[in-house]
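Colleague: I would like to learn how to read helices and backbone angles in a model. Can we work through one together?

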Amino acid sequence: MRNIIELLIKYAIKAPSVHNTQPWRFAYRNNVIKVFPDYNRRLPMADQDDHALFISLGCAVENLVIAANHFGYRADIDYFPPLENNECIRIRLTEGRVDLDNRLFEAIDNRQSTRNRYKGRKIPGEDMKALQNAAHYEGVRTLVFSGQQEILPLIEFIKEASFLRFSNNSFKHELIYWIRFNTREAKQTGDGLYTASMGFPSVPSWLGRLIMRLIKPSGEAKRVEKLVKSSSAMMVFIAESNQKKNWINLGRAFERVALTATVLNIKHAHLNMPCEEIEVRKKLAAYLGLPDNQQPLLLIRLGYSEFMPYPFRRSIHRVTYEDKSPQTIELQESGIESTK
Ligand SMILES: Cc1cc2nc3c(=O)[nH]c(=O)nc-3n(C[C@H](O)[C@H](O)[C@H](O)COP(=O)(O)O)c2cc1C
């Protein structure tokens, strides 16, 4: 079981995460894997309420579930079981499969956030439908904007939020901390935003930091506008109420969409600034006609382009440990079996 669990965690950590912070830790024992948030990797400026951290955990959980199915295991999930000492998502594996398209598993290795300019070509209706169907998770809604006419009104929110972000020195400081300006640095840390994946040249770190400090908010807003205009469609992910379980489900929904897009050879990238700047998020929610309790938390663009270099991940050994607590309470709690 240990080998299969380690294999599943290897697929889990290929998931996307905000700033590639990989804010997760895994513990396992017998047939149970626990996924913990790693608050040491939170982003106080870009993600003040930790919603993006929990969305990232949801992405990792979804990869794990899809990989488990591929290797012949069904994964049952408990969100924040009350008797656990630390908040976690608990996954129990049993032999058996659910009816899941195996191409999603194959897409885990190929998926990436593709941040280059897209080709503007229309996405066929049945593919758009497949993407929307992939997002059906409890507590999550999506809205789709196809073609220039529907996309254009969103640009103002994106530009405003981008301008605010890049006018904020604390935000910039945090962003720079997570950028890996060359391959050596990216490989060494195994995390962070790898400049090659963003279409920027490799430079020494000191030079990269200097360039970042010189970026003008208006220049960045213009760069982002061009990316949006090249896109075929945009998709907003909405949490039906602002709580951790919904954030995790939103991450699962997003990852399922990202993998489905990969299967269909459609690229995606985030343009999350309007969801992160609270005042802009409110304006966006009003534009979308959302009731007060519903929050737009992820905004992605979709389209066609070439793959870019892949970023790195920390190794499984840096994020995983065997659960050596004297007795696991998880299965007793559910009354299913004892695991001495
Ligand atoms: C919750 C969340 C928020 C993200 N926000 C942004 C964003 O605003 N801009 C961006 O370029 N990428 C964003 N990303 C993408 C991550 O930076 C990306 O997943 C990470 O760098 C790893 O790269 P990969 O997805 O290609 O594996 C986000 C990802 C997640 C899960």
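**Reading a helix and its neighbour**

Modeller: Start with helix α10, residues 244-263. This is a predicted model. The helix has 20 residues and reaches 29 Å from its first C-alpha to its last. That is close to the 28 Å expected at 1.5 Å a residue.

Colleague: Is α10 largely enclosed or open, and why?

Modeller: Largely enclosed by the rest of the structure, because 17 of its 20 residues are buried.

Colleague: What describes a pair of packed helices?

Modeller: The angle between their axes and the distance between the axes. Here, take α4, residues 125-134, with α10: the axes come within 8 Å and cross at roughly 150 degrees. Angles over 145 degrees count as roughly antiparallel, so α4 is roughly antiparallel to α10. The crossing of α4 past α10 is right-handed.

Colleague: Which residues make the contact?

Modeller: From α4, Ala130, Leu131 and Ala134. From α10, Ala253, Arg256, Val257, Thr260 and Ala261. They divide into six nonpolar, one polar and one charged.

Colleague: What about phi after α10 ends?

Modeller: Asn265 follows α10, and its phi is positive, near 65 degrees.

Colleague: Where does Gln22 lie, and what is its phi?

Modeller: Gln22 sits in the loop between α1 and β1. Its phi is near 50 degrees, positive in a residue other than glycine. Gln22 counts as buried because its relative accessibility is 1%.

Colleague: And Phe80: which loop holds it?

Modeller: The loop between β3 and β4. Phe80 also has a positive phi, near 50 degrees. At 22% relative accessibility, Phe80 counts as partly exposed.

Conventions. Residues numbered from 1 in each chain as written. Predicted model: local features only at pLDDT ≥ 70, side-chain atom pairs only at ≥ 80, totals over all residues. Heavy atoms only, no water. Helix = DSSP H or I, 4+ residues; strand = E, 2+ residues; numbered from the N terminus. Expected span 1.5 Å × (residues − 1). Buried < 20%, exposed > 50% of the residue type's maximum accessible area, 1.4 Å probe, protein only. Axes fitted to C-alpha atoms, helices over the stretch in contact; angles between N-to-C directions. Parallel < 35°, antiparallel > 145°, perpendicular 65-115°, else oblique. Left-handed = near helix turned anticlockwise from the far one by under 90°. Contact = heavy atoms within 4.5 Å. Nonpolar A, V, L, I, M, F, W, Y, C, P; charged D, E, K, R; others polar.
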